[in-house]
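Here are my notes on the model. Please read them with the structure open.

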Amino acid sequence: MVPMESRLAALRAKIDALDLDIHRALIERASVVAELSEVKTVGEPGRVFKPGREAEMMRRLAQRHTGSVPLQAIEHIWREIIATFTTLQAPFRVHVAQGDDPAVRELARYVFGFTPPLVSAGTAEQAISALSDDGNALALVPIVALSAVSWWDALSPEGPCIIARVPAFPLPAHMTTATAFVVGVTAADETSNMRTVLSVVGADEQTVRTSLIAKGGALLSRGPQSQSDAREMLVALPEEIVEDWTHALRETTPHVSARLVGHYAAPLNVSASATSIDAT
């Protein structure tokens, strides 16, 4: 029988060898990123961010993950790696709306790690406005943002727009209860299971909510009530049915407008036995 001390020493040596392999792989990854930077253009603001590619990475992580390590911890480790190596290509910062809220701050660190600076912004409007003067910056905006106006009014396909929704996997409450959009100055790169985000004005809320549920979409947020009792609504639905949905809505509500404000990869709903795509 192998003495306990010998067994412990062997297991610790195995851990040390694994740590060495991980460290060497990170160093090699950095050299590949440096080579990548030489063959592609990252000078244009926003070009360095690839939320669609990140979403695919998260899906692959979920599909191959086994063992006792929480998948959320794996996501955080990978996002720390992604943010750090993105910074090597083009230093950036993140303007965090409601950045003094501990839950929002925790989410920002969970997603972006400790390498890029976080800049606390009081409101969603302030965080988004900062992007026009800050090169490769991003904004993090809680999905239910505290605002006296419809904060997404400043978004458009030609300017700042929603490019991602975070986190990719549901987080336990002790980590953070916040969910948020990532806003950038370039559109999200394509991936599977995309959601289109629209600003809808001029329709009855119950009509919009009912039609979204029928199509696998969701009402994400509502603007303040106006004097006409109409509210601007932020909605998301599968990319492939947007045209049919808006056409059907206009047939029942002729004066409705639906304006594109971004896209995001649908978050993953991870159960103990399977990984499926969340409807929102």
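Is F112 buried or exposed? F112 is buried, at 7% relative accessibility; buried means under 20% relative accessible area, exposed over 50%, partly exposed in between (1.4 Å probe, protein chains only).

1. Basis. This is a predicted model: local features need pLDDT of at least 70, side-chain atom pairs count only at pLDDT 80 or more, and totals for chains, interfaces and linings use all residues. Residues are numbered from 1 along each chain as its sequence is written, and side-chain values use heavy atoms, without hydrogens and water.

2. Aromatic pairs. The count is five. Rings of Phe, Tyr and Trp (its six-membered ring) pair if their centres lie within 6.5 Å; planes under 30 degrees apart are stacked, over 60 edge-to-face, the rest tilted.

3. F92 and F112. Their ring centres are 6.4 Å apart and their planes at 70°, so the pair is edge-to-face. F92 is also buried, at 7% relative accessibility.

4. W151 and F181. Here the centres are 6.2 Å apart and the planes at 45°, so this pair is tilted. W151 is buried, with a relative accessible area of 2%. F181 is buried too, at 0%. Ring pairs join W151, W152, F181 and Y264 into a cluster.

5. R29 and F85. The charged end of R29 sits over the ring of F85, 4.9 Å from its centre. The rule: NZ of Lys or CZ of Arg within 6 Å of the ring centre and within 35 degrees of the ring normal.
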